[in-house]
Amino acid sequence: MRCRLRDVFSGLRFVYVLGLLVYLYHAADAGRRIMFEIVSDRLIPANAIADERLRRLLEYWVALRGSRILPSWSEALLSELGEHLDRLHVLAYEGPGRFRFLRHGGGVTNPDVRDMTGLTTQDYRDKRFGGLVTRHYQECSDRRVPIYRHVVARLSGEPYEFYRLILPLSDDGLRVNILLASPGRITVPPSLPLPGEARGSSGS
């Protein structure tokens with residue numbers, strides 16, 4: 001009996017060690033696949049926007065604002081933003097550090113490769129990326145002015161570079177409660193699909 005028990009415990013120990021090794025391998029592999037690393041994150045004056053589409057989006061915001069501090073969200077019409085819709089996020093500001101996607105642009109990539117509609121920036125699985133966008137959105141909400149940033153990063157060792165324009169809107173003309181955000185691609189890793197493409201190919 002003692003011999004048999006010893007064999008059983010030896011077998012259990014082997015299974016445990018094997019399971020641990022498999023877990024560590026997959027954890028490391030997942031980390032390699034989704035690791036987002038910031039190389040530089042630079043604030044650029046909004047009047048220096050080089051991307052023509054983003055410049056037109058800013059011009060729309062300026063016209064909507066008029067002589068007010070902030071434009072009214074109730075006056076913004078998505079139907080007037082046709083060329084931007086595929087690359088436009090609409091977010092609700094729910095409090096410090098908490099931004100919920102009311103709409104996630106279907107043509108926008110992210111390290112999680114998923115549609116964030118209905119989720120918050122805290123729900124990104126890649127916490128470095130989530131932290132970056134949360135800081136950008138908070139900066140816009142606090143300053144109540146358009147924020148234009150140039151981000152140079154690496155995703156799983158591949159170059160990942162983009163601009164992001166964030167525009168504040170309000171219901172009362174003073175407090176920011178809605179953000180429009182639109183990125184301009186420079187370099188996107190070829191291995192990073194759009195959220196819709198990932199759903200179509202893998203069902204995720």
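Which residues is Tyr93 in contact with, leaving aside its neighbours within four places in sequence? I get Arg98, Phe99, Gln138, Ser141, Asp142, Val176 and Asn177, where contact means heavy atoms within 4.5 Å.

Ground rules before I go on. This is a predicted model, so I take local features only at pLDDT of at least 70 and side-chain atom pairs only at pLDDT 80 or more, while totals for chains, interfaces and linings use all residues. Residues are numbered from 1 along each chain as its sequence is written, and side-chain values use heavy atoms, with hydrogens and water left out.

**Tyr93, continued**

Tyr93 is found in strand E2, residues 89–95. I looked up its accessibility: 22% relative accessible area, partly exposed. My cut-offs are under 20% for buried, over 50% for exposed and partly exposed in between, with a 1.4 Å probe and protein chains only. The Tyr93 side chain makes a polar contact with the side chain of Gln138 at 3.0 Å. For a polar contact I want a pair of N or O atoms within 3.5 Å; within protein, one must be able to donate a hydrogen and the other to accept it, and residues adjacent in sequence count only if both atoms are side-chain atoms. I also checked Tyr137: it sits 44 residues from Tyr93 in sequence, yet the C-alpha atoms are 8.7 Å apart.

**Overall layout**

I count 4 helices and 6 strands, in the order α-β-α-β-β-α-β-β-β-α from the N terminus. These are DSSP runs numbered from the N terminus: helices are H or I with at least four residues, strands are E with at least two. Of the 204 residues, 40% count as buried. Among contacts with a separation of 6 or more, 59% are between residues 24 or more positions apart. The protein exposes about 11200 Å², and carbon and sulfur atoms supply 58% of that; the areas come from the Shrake-Rupley method with a 1.4 Å probe, and for residues only the protein chains shown count as cover.

**Helix H2**

Next I went to H2, residues 52–65. At 1.5 Å a residue its 14 residues should span 20 Å, and the end C-alpha atoms are 20 Å apart, which agrees; the expected span is 1.5 Å times one less than the number of residues.

Which residues of H2 are buried? I list Arg53, Leu54, Leu57, Leu58, Tyr60, Trp61 and Leu64. Cover for the buried residues includes E4, strand E5 (158–170) and strand E6 (176–187).

At the start of H2, a side-chain oxygen of Asp51 reaches to within 3.0 Å of the backbone nitrogen of Arg53. Just after H2, Gly66 takes a positive phi of about 65°.

Thr134 is placed in helix H3 and is buried at 11% relative accessible area. Its side chain reaches the backbone oxygen of Gly130 at 2.7 Å. Not counting residues up to four places away in sequence, Thr134 touches Gly97, Phe99, Thr121 and Gln122.

Then the charges. I used a side-chain nitrogen of Lys or Arg within 4 Å of a carboxyl oxygen of Asp or Glu, and the count comes to 9 salt bridges.

What does Glu139 pair with? I find Arg143 at 3.8 Å and Arg149 at 2.8 Å. Arg149 is in strand E4 (residues 147–155) and Glu139 in H3, 10 residues apart, so to speak a link between distant parts of the chain. Arg143 and Glu139 are 4 residues apart in H3 (residues 127–143), about one helical turn. Glu139 is buried at 16% and Arg149 at 12%, while Arg143 is partly exposed at 46%. Asp41, Glu139, Arg143 and Arg149 are linked in a network of salt bridges.

Last one: Arg68 forms a salt bridge with Glu75, with the closest N and O atoms 3.1 Å apart. Here Arg68 is partly exposed at 33%, and Glu75 is partly exposed at 40%.
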